[in-house]
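Below is a note for a colleague who wants to go through this model helix by helix. Please keep the sequence and the coordinates open while reading.

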Amino acid sequence: MATTTTTTPARATQAQPQDRQAGREIQPFGTMTRMPLGLDERTCAASAEALTQVLADTITIRDLYLKHHWQVGGPTFYELHLLFEKHYKEQAELADAIAERIQLLGGVSLAMGHDVAEVTQIPRPPRGREDVPAQVSRLLAAHEMILRQSRLSAREAAEAGDDGTNDLLVSEVVRTNEKQVWFIAEHLVRMRLVESGQDGETAPA
Ligand SMILES: [Fe+2]
């Protein structure tokens with residue numbers, strides 16, 4: 001029968017993971033490191049600040065899509081359930097690209113929900129469920145906010161010579177958001193399902 005060891009085992013100090021270390025911030029939010037990008041430091045700081053707003057709003061609309069993916073109901077449930085998830089994934093990719101650009105410019109990316117909530121311009125939705133027209137309208141308003149901000153920031157980045165930030169905002173953020181607007185806005189068109197209407201006759205609500 002095995003006997004129980006009561007003595008303290010020898011500690012293998014070299015192989016011991018050095019856990020339980022107090023977190024030490026190495027770069028506070030809002031500060032910049034200088035990266036050898038051939039860009040003026042003020043330009044990098046301005047781009048990082050502009051991208052921070054777009055990042056906070058992108059993370060928020062990403063989560064809005066996930067909320068609606070879970071909470072959607074009604075006759076178009078299946079289609080919207082899948083479409084909202086597709087847009088959620090596309091927004092997640094955008095958030096990653098924006099956050100990584102902030103880091104490569106020498107800035108610090110926002111990441112956690114409570115920090116994002118303090119910066120985003122998109123209004124907080126209720127915790128509960130909304131019907132499809134309210135869900136889609138809320139998403140469209142959020143998209144429009146992002147589009148206005150992104151176009152403005154893209155122009156400012158181009159004027160300052162930061163072509164990479166301009167390209168990210170135009171080629172990825174603006175184009176993705178514009179296309180998503182189209183795909184969800186069409187769900188708010190009164191469209192007849194079975195019988196075509198007469199001239200001038202609108203479809204029933
Ligand atoms: Fe899901």
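The points below take up the helix pairs, then single helices, then a few individual residues.

1. The model is predicted, and local features are discussed here with that in mind. Two packed helices are described by the angle between their axes and the distance between the axes, and the points on helix pairs follow that description.

2. Helix H1, which covers residues 41–71, and helix H2, which covers residues 77–104, have axes that come within 8 Å and cross at roughly 160°. Because angles over 145 degrees count as roughly antiparallel, H1 is roughly antiparallel to H2. The crossing of H1 and H2 is left-handed, and the residues that form the contact of H1 with H2 divide into 16 nonpolar, 7 polar and 3 charged.

3. H2 also packs with H5, at an angle of about 165° and with the two axes 11 Å apart, which makes H2 roughly antiparallel to H5. H2 passes H5 in a left-handed crossing. On the H2 side the contact is made by Leu83, His87, Glu90, Leu94, Ala97, Ile98 and Arg101, and on the H5 side by Thr165, Leu168, Glu172, Val173, Thr176, Gln180 and Phe183. Sorted by class, the contact of H2 with H5 has 7 nonpolar, 4 polar and 3 charged residues.

4. H4 and H5 form a further pair, packed at an angle of about 160° with their axes 9 Å apart, and that angle makes H4 roughly antiparallel to H5. Their crossing is left-handed, and the residues of the contact of H4 with H5 divide into 15 nonpolar, 7 polar and 3 charged.

5. Taken by itself, H2 has 28 residues and reaches 40 Å from its first C-alpha to its last, close to the 40 Å expected at 1.5 Å a residue. Its buried residues are Leu80, Phe84, His87, Gln91, Leu94, Ala95, Ile98, Ala99, Arg101 and Ile102, and what covers these buried residues includes H1, H4 and H5. A reader comparing lists will find His87, Leu94, Ile98 and Arg101 both among the buried residues of H2 and among the residues that H2 brings to its contact with H5. Just after H2, Gly106 takes a positive phi of about 105°.

6. H4, residues 132–159, has 28 residues and reaches 41 Å from its first C-alpha to its last, which is close to the 40 Å expected at 1.5 Å a residue. Buried in H4 are Gln135, Val136, Leu139, Ala142, His143, Ile146, Ser150, Ser153, Ala154 and Ala157, and the buried residues of H4 pack against H1 and helix H5, the latter covering 163–185. Just after H4, Gly161 takes a positive phi of about 90°.

7. Is Val116 buried or exposed? Val116 is found in helix H3, residues 113–119, and it counts as buried because 21 C-beta neighbours lie inside 10 Å, where the cut-off for a buried residue is 20 or more. Not counting residues up to four places away in sequence, Val116 touches Ala56, Ile59, Thr60 and Leu110. With Ile59 in particular, the separation is 57 residues in sequence and 7.4 Å in space, C-alpha to C-alpha.

8. Val119 is likewise found in helix H3, but it is partly exposed, since 14 other C-beta atoms lie within 10 Å. Leaving aside its neighbours within four places in sequence, Val119 is in contact with Thr52, Gln53, Ala56 and Leu110. The C-alpha atoms of Val119 and Thr52, which are 67 residues apart along the chain, are separated by 8.3 Å.

9. Most residues other than glycine have a negative phi, whereas Arg20 has a positive phi of about 60° although it is not a glycine. Arg20 is found in the segment before H1, and it counts as exposed because 5 other C-beta atoms lie within 10 Å.

How values were computed
Residues numbered from 1 in each chain as written. Predicted model: local features only at pLDDT ≥ 70, side-chain atom pairs only at ≥ 80, totals over all residues. Axes fitted to C-alpha atoms, helices over the stretch in contact; angles between N-to-C directions. Helix = DSSP H or I, 4+ residues; strand = E, 2+ residues; numbered from the N terminus. Parallel < 35°, antiparallel > 145°, perpendicular 65-115°, else oblique. Left-handed = near helix turned anticlockwise from the far one by under 90°. Nonpolar A, V, L, I, M, F, W, Y, C, P; charged D, E, K, R; others polar. Expected span 1.5 Å × (residues − 1). Buried ≥ 20, exposed ≤ 12 C-beta atoms within 10 Å, placed from the backbone. Contact = placed C-beta atoms within 7 Å.
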